[in-house]
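Please look through the sequence and the 3D structure below.

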Amino acid sequence: MRRVVWMAVWALAFVAGPAAAQPGLPAVSVTPGPDGGQTYTLSLQILALMTVLTLLPTALMMLTSFTRIIIVLAILRQALGLVQTPSTQILIGLALFLTLFIMAPVFNRVYDQAVQPYMAEEIGFEQAVRRAGEPLRDFMLGQTREADIAMFGRIGGYEPFASEKDIPFSVLIPAFVTSELKTAFQIGFLLFIPFLIIDLVTASVLMSMGMMMLSPMIISLPFKIMLFVLVDGWNLVVGTLASSFYT
């Protein structure tokens, strides 16, 4: 878990990279006092690191596969008609660990290319931040639609990008989030269809029998759960989500 935290922090460090990459600033400055005492002062590097840590939860949701996964799981629960089962805590936990599984190759590249060389004092902090951003850039570009990149580039006043390396993170991040939302709703729509058909059939049968006062949800819920279990639904949903990032 410690290695994962290090990789995540370094992968997200580009957010505060320019402010943190001031050369020649020690982490702690010691100033002798006139009475023989000492005064300790923290530099901008520590301030930048603390800023990155406060942004870590938001970046975990917006810069990884977490957004797509949690939206699909929430739509699936709604389609099944289960309001509190699985609970929100369980869905978030499943989405978090599935995100760590999907992002493991990206975090490993960050650790090998940026964290280890920096800890071995082979590269500087600014270069380490740039290296940490490259695996994230490749991952987000693989999941982002060109139309979304073009839209945010046009809104931001950028010229058409000659190559993917010219796309700044200020354009790539909102384009990536927009693409993830669209993909999540597309998957959720496909999940909703079979359960919607069961609801329609159940409502039609009850209406033909004159049982209009009985809620169709009460009758259709067991059938939807049975269908989901028979087709091994969790295996299909989780497997499809994981494989959708590497197709």
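Is Phe161 buried, partly exposed or exposed? With a relative accessible area of 25%, Phe161 is partly exposed, where buried means under 20% relative accessible area, exposed over 50% and partly exposed in between, for a 1.4 Å probe and protein chains only. The model is predicted, so local features need pLDDT of at least 70 and side-chain atom pairs pLDDT 80 or more, while totals for chains, interfaces and linings use all residues. Residues are numbered from 1 along each chain as its sequence is written, and side-chain values use heavy atoms, without hydrogens and water.

The structure contains 5 aromatic pairs; rings of Phe, Tyr and Trp (its six-membered ring) pair if their centres lie within 6.5 Å, and planes under 30 degrees apart are stacked, over 60 edge-to-face and the rest tilted. Tyr158 and Phe161 make a tilted pair, because their ring centres are 5.9 Å apart and their planes stand at 40 degrees. Tyr158 is partly exposed, at 38% relative accessibility. Phe139, Phe176 and Phe245 form one aromatic cluster.

Arg68 lies over the face of Phe245, 3.9 Å from the ring centre, and Arg137 lies over the face of Phe169, at 4.8 Å. A charge sits over a ring if NZ of Lys or CZ of Arg is within 6 Å of the ring centre and within 35 degrees of the ring normal.

Helix H8 covers residues 169–208; helices are DSSP runs (H or I) of at least four residues, numbered from the N terminus. Gly210, with a positive phi near 75 degrees, follows H8.

Note on methods
Helix = DSSP H or I, 4+ residues; strand = E, 2+ residues; numbered from the N terminus. Expected span 1.5 Å × (residues − 1).
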